[in-house]
Amino acid sequence: MKYETVIGLEVHVEMATETKIFCACKNEFGSQPNTNVCPVCLSMPGTLPVLNEQAVEYGVRAGLSLNCEIPNYSKLDRKGYFYPDLAKAYQISQYDFPLCSRGEVEVEADGAKHKIGITRIHIEEDAGKLIHQGTESFVDYNRGGVPLMEIVTEPDFRNAAQVKAFLDTVRANMEYIGVSDCKMEEGSMRCDINISVRPVGETEYGTRTELKNINSISAAQRAIEYEARRHIEVIEDGGKIVQETRRWDDVKGKTFPMRDKEEAHDYRYFPDPDLVPVYLTDERISKIKAALPELPAAKRERYVNEFNLPEYDAGILTMSKYTAKFFEDSVAIYNEPKAISNYIMVDLARLLKENNMEAKDIPISPKDFTDLLKLVSDGIINSSVGKQVFEEMFKTGKKPAQIVEEKDLKQNDNADEILALVQKIIADNPKPVADYKGGNKKAMTFFVGQVMKATKGKANPKTVNELVKAELDKA
Amino acid sequence: MELTALNIVQAAELLAKKELSSTELTQAYLDRIEKVEPKVNALVTTCAEDALESARHVDEKRAKGEALGRLAGIPTIIKDNMCTKGILSTASSKMLYNYKPVYDATVIEKLKAQDYVLLAKANMDEFAMGSSTETSYFGVTKNPWDTSRVPGGSSGGSAACVAADESVFSLGSDTGGSVRQPAAFCGVVGLKPTYGTVSRFGLMAFASSLDQIGPLTKTVEDSALVLDVISGNDKKDSTSAIMEYPHYGEGMKKDIKGLKVGIPKEYLEQEIDPEVRQSYLDAIKLFEDMGAIVEETSLPTFDYALSAYYVIASAEVASNLSRFDGIRYGYRTEHYSDLKEMYKNTRSEGFGDETKRRIMLGNYVLSSGYYDAYYLKALKVKTLIKNDFDRLFSEYDILLSPTAPTPAFKIGAKATPLEMYVNDLFTVPVNIAGVTAISVPSGVTGEGLPVSVQMIAKAFDENTMFRAAWNFEQAVKFDKKPTL
C-alpha cells in the first residue's frame with residue numbers, strides 16, 4: 001500500500017525584545033545563571049506581571065508577515081503545571097483568544113509551490129532551565145519570562161522538504177522583521193512536529209505522534225523521515241500507533257516515547273486576572289503593517305523582475321536580509337547584478353561558512369566589493385586574481401586597490417613579454433608540443449598553465465591563450 | 001487622653017505642634033503592645049527597634065524643620081500579606097514562616113514616602129482565607145472586646161490591633177469582606193476601596209480579581225486620609241486604575257441632605273442577629289433624620305453572590321498559591337526522595353486545612369469538563385451582579401446594609417466551613433461588583449459587642465461614601481472602647 005505522511009508544526013520562536021515579557025529584566029542569551037532575574041520573573045509572592053508592549057508588537061509583526069488575521073481582542077491565560085523551572089507553577093500564555101489567527105504562507109519544495117495554513121500565533125513566557133550536576137539539580141531562571149511566540153500550523157505538510165522550506169521561510173521572515181534570529185541551535189527557534197500517516201486517497205487522519213527535541217532544521221527532516229517509516233512499519237505489521245509524545249534522539253537517529261512528567265495533564269487554563277486584555281485598534285494594526293519591511297517573498301520576485309536574475313539566485317540572495325542588503329547596496333553602486341550575485345552566492349557564501357560567520361557579519365563594504373569588480377572588468381586584474389583579492393579583503397578588510405598594489409597583482413598585458421615566455425616554454429617542452437601536434441588539443445592547457453604560473457597568475461588569460469595557440473600552430 | 005487612643009488627625013496635630021515626639025508616641029504604642037499583646041495576639045512580628053529608629057529619624061527631620069510627610073511619625077501596623085523589605089512577611093502561613101521579602105509593596109513605598117512608622121505586622125487568616133483568623137499558623141487573634149471571641153477575618157489582627165490601641169491605624173486586605181467584617185467585629189472603621197484604586201503590587205494574592213488593600217482606622221476622616229496616601233495608578237499593577245485620582249475626603253464634612261440611600265431588601269430577608277438588625281434599622285432612621293432620602297430597593301442577584309465568590313476566589317487562589325512549591329523560598333519539607341514527593345510533602349505540611357480546601361475547590365472548578373459549569377458560569381454571574389449594582393447606582397448615591405449578620409462569634413463556634421462562609425454574605429457582593437464600601441460602627445449589643453453598618457457606593461465614588469460615613473459617624477456618636 002502507498003502511504004501519505006501528514007505533518008503539522010508547532011514552532012516556538014524567542015522574540016528578540018530588549019526586556020522580558022512581564023518584567024524589566026534584560027532578555028539576553030548567555031549570561032551567568034540567575035543574573036537576569038528580579039522578584040517578578042522569580043515569581044516572589046506579591047509580584048505582578050506587566051505585559052511588554054514590544055512583545056505584542058513583535059507578535060503582530062510576525063503574524064502579519066505570515067499573512068495572519070490580527071483580531072482586535074486577545075487575552076492572556078494561565079496554564080498550570082508544576083515544574084521547578086516554572087517559577088509561578090503556571091505559564092502565562094494564550095488559550096482561546098490568541099494574538100494572531102488564520103494565516104497562510106506559500107513555500108517551494110520539490111519544484112512545486114505549497115500553501116501552508118497557519119492556525120494561530122500566540123505569545124507566552126518561556127520557562128527557566130534545569131541544570132543537573134551529579135545528584136543535584138539547579139535552576140537558572142535567566143530564560144524565565146523571555147517572550148516566546150508559538151506558531152501553530154495546519155496539518156498541511158506532506159514531506160520533510162516542505163517542512164524545511166517552511167522553517168526556512170519562517171526564519172527568513174522573522175529575521176527581516178527584526179523579531180528573532182531563529183537559531184535552532186541556540187534554542188531561539190524550537191519546533192515540535194505532529195506527524196501521522198494514512199493510505200493515499202484516505203481523507204481521515206491517522207493517529208499522530210508528537211516529536212520533541214528537534215534541534216536543527218536538518219534534524220527535523222531526519223526525524224520526520226524516521227517517524228513516518230516507523231508509523232508505516234507498525235501499521236503494516238498489523239499494529240496500532242499510540243498517540244504520544246516522542247523524543248527525537250539525533251545521535252541514534254530514532255524517536256523514543258517520552259516519560260510522562262505527570263499523568264495526563266490538565267492545564268486548568270483560565271484568564272489571568274493580573275493582566276488586562278490586549279485591545280489592538282485597526283489603526284494600530286495598519287500602522288504596524290505599514291512599517292513592515294519588504295519581505296523575502298516579495299523581494300525574491302522583485303529580484304527576478306528588476307534584475308533579471310534566475311529564481312534560484314533570487315532565492316539565495318533573499319534568504320537573509322543582510323545578504324539582500326549587501327546585494328542591493330552593491331548593485332546601486334555598480335549595476336552588474338549577475339556578476340554581483342555570482343560573487344555573493346559562491347565566494348562570499350564559502351568564506352562565511354569557512355569562517356563560521358553569518359550574513360550579518362559580512363566584513364566587506366559594498367563600495368570595496370564593487371571597486372574590486374570594476375578592477376576585474378577594467379582588466380586591471382584578471383578574474384582569478386580577483387577571487388584571490390576578494391579573499392584577502394575578507395580576511396584583512398583592506399581595500400582592493402591596496403591589495404593589488406602591495407602584492408603586485410596587476411594584470412600583465414605586455415604581449416612581447418608574454419610572447420617571449422610562451423616561446424621559451426614551448427621550446428623547453430617538446431613532448432606536450434608533440435601531443436598537441438598529434439591532435440591532442442587539450443595539451444594547450446598545459447602551456448597556458450605554465451605561462452600563468454610563470455607570471456604568478458597575473459598574465460591576461462586572453463592574451464596568453466591567443467599567443468599559445470598561435471605559437472603552437474606555428475611550431 | 002491616653003496617647004494610644006489618638007487617631008491620625010489628632011496625633012499628627014500634636015506631633016506637628018511638637019507637643020509630642022514621634023519617639024514618645026512610638027514608645028507608648030510599643031509599651032501598649034507589650035501589655036495587651038499576650039491577651040490579643042494580633043501581631044506576628046513586632047519591629048520595635050526599626051520603629052524607634054524611624055521615629056527618631058522623623059523627630060530629627062522635624063527638629064531641623066525639614067518637610068515631612070502626611071503620616072510623619074504615625075505608628076502603623078500592616079497585615080502580614082503585604083511585602084515589607086527585609087521584614088518577615090508570612091501571610092500567617094507555615095509556608096512562609098521564614099520569608100523576608102527583597103522588596104517593598106507599593107503601599108509600603110507610599111507610606112514610607114509619607115514618613116510613617118512601621119510598628120508591626122498583623123496576624124491574619126492564612127493567605128487571607130477565613131473570617132476569624134482561626135486559620136492562622138500563628139494562633140487565633142482574640143477580639144479585644146471579649147477575648148473568648150474572634151476578631152473576624154481575614155484582617156483580624158489588623159482590626160484587633162486598632163481596637164486594642166496597639167496602633168493608630170492599620171492596613172488590611174479585603175477580598176470578600178476581609179477588612180469590613182473584622183472592622184465590624186472590633187468596632188473600628190474599615191474601608192474596601194474600588195477595585196483598581198490601590199496597587200496590589202506586593203500584596204500576596206488571594207483572589208487577584210477581587211483583592212483590594214484598605215485601611216482600618218479609628219475614624220472615617222482617618223480612613224479617607226490613608227486612602228489618599230495609598231491610592232494612585234501603579235505601572236507595576238496592570239489592573240491599577242488609570243484616571244485622575246480625587247483628593248479623598250474632600251467635601252466629606254458637607255451634610256447629606258437629599259442624599260439618596262437605597263436599602264436592598266434582600267439584606268433584611270437574611271437570617272440576621274436581632275440586635276444587628278435593630279442597630280441597622282436605627283441607622284436607617286438616623287440617615288432619614290439627617291435629611292437623606294431613604295428608599296427600599298432590590299438587588300435580585302444578591303442570592304448568587306456568595307456562590308459565585310467561592311468559585312472565582314477559589315479558582316484564582318488555587319493558581320496563585322501554586323508558586324509555593326518549596327523550590328525558591330519559604331518552607332520545604334525535610335522528607336522527600338524525589339521532586340514529586342517534595343512538592344507533595346511541602347504543600348501538605350506547609351498549608352493549613354482551609355487553604356488546602358480552597359486549593360482543591362479551585363482546581364476542581366477549573367479542571368477540564370467542569371470549567372464551563374462552574375468558573376465560566378460564576379464569571380457570568382459576576383457580570384449580572386455588576387449590572388445589578390450599576391442599575392441601583394443610577395438611582396442611589398449609596399446603599400446601606402449591615403456589615404455582618406452577627407456580632408463577633410465565639411472562638412471555635414463555626415463548626416463547618418459553610419457556617420463560616422455565610423459570614424461574608426453581606427460583604428461579598430461589593431467585591432464581586434468591584435465597587436467600594438465602608439464599615440462604620442453603629443452601636444454595641446447587650447453583651448457589649450460592637451456592630452456596624454456598611455455603606456456602599458459606585459466604583460470610584462469613595463468621596464460620596466466618605467461624606468455619608470462621616471455624617472453617620474458624627475450622628476451615631478459611637479464612643480465605646482474595649483477594656484483589656
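1. Conventions. Residues are numbered from 1 along each chain as its sequence is written, and chains are lettered from A and ligands numbered from 1 in the order in which they are written. The model is predicted, with local features requiring pLDDT of at least 70 and side-chain atom pairs counting only at pLDDT 80 or more, while totals for chains, interfaces and linings use all residues.

2. Chain A. The chain has 15 helices and 15 strands; helices (H or I, at least four residues) and strands (E, at least two) are DSSP runs, numbered from the N terminus. Its radius of gyration is 29 Å, whereas a compact globule of 475 residues would have one near 23 Å. This radius is taken over C-alpha atoms, and the globule rule is 2.2 Å times the number of residues to the power 0.38. The C-alpha trace of chain A spans about 90 × 55 × 50 Å along its principal axes. Of its 475 residues, 41% count as buried, that is, with 20 or more other C-beta atoms, placed from the backbone, within 10 Å of their own.

3. Chain B. Here the secondary structure comes to 16 helices and 11 strands. The radius of gyration of chain B is 21 Å, close to the 23 Å given by the globule rule for 484 residues, so chain B is as compact as a globular protein of that length. Its C-alpha trace spans about 65 × 55 × 45 Å along the principal axes, and 60% of the 484 residues count as buried.

4. Interface. In chain A, 24 residues are in contact with 32 residues of chain B, contact meaning that the C-beta atoms, placed from the backbone, lie within 7 Å. The side of chain A that touches chain B comprises 16 nonpolar, 3 polar and 5 charged residues. Nonpolar denotes Ala, Val, Leu, Ile, Met, Phe, Trp, Tyr, Cys and Pro, charged denotes Asp, Glu, Lys and Arg, and the others, Gly among them, are polar.

5. In chain B, β9 (residues 398-402) and β11 (residues 450-457) run antiparallel and are joined by 5 bridges. B:S401 of this chain stands opposite B:Q454 in β11(B).

Key: Two residues are in contact if their C-beta atoms, placed from the backbone, lie within 7 Å. Two strands pair if DSSP finds at least two bridges between them. A residue is buried if 20 or more other C-beta atoms lie within 10 Å of its own, exposed if 12 or fewer, and partly exposed in between; C-beta atoms are placed from the backbone.
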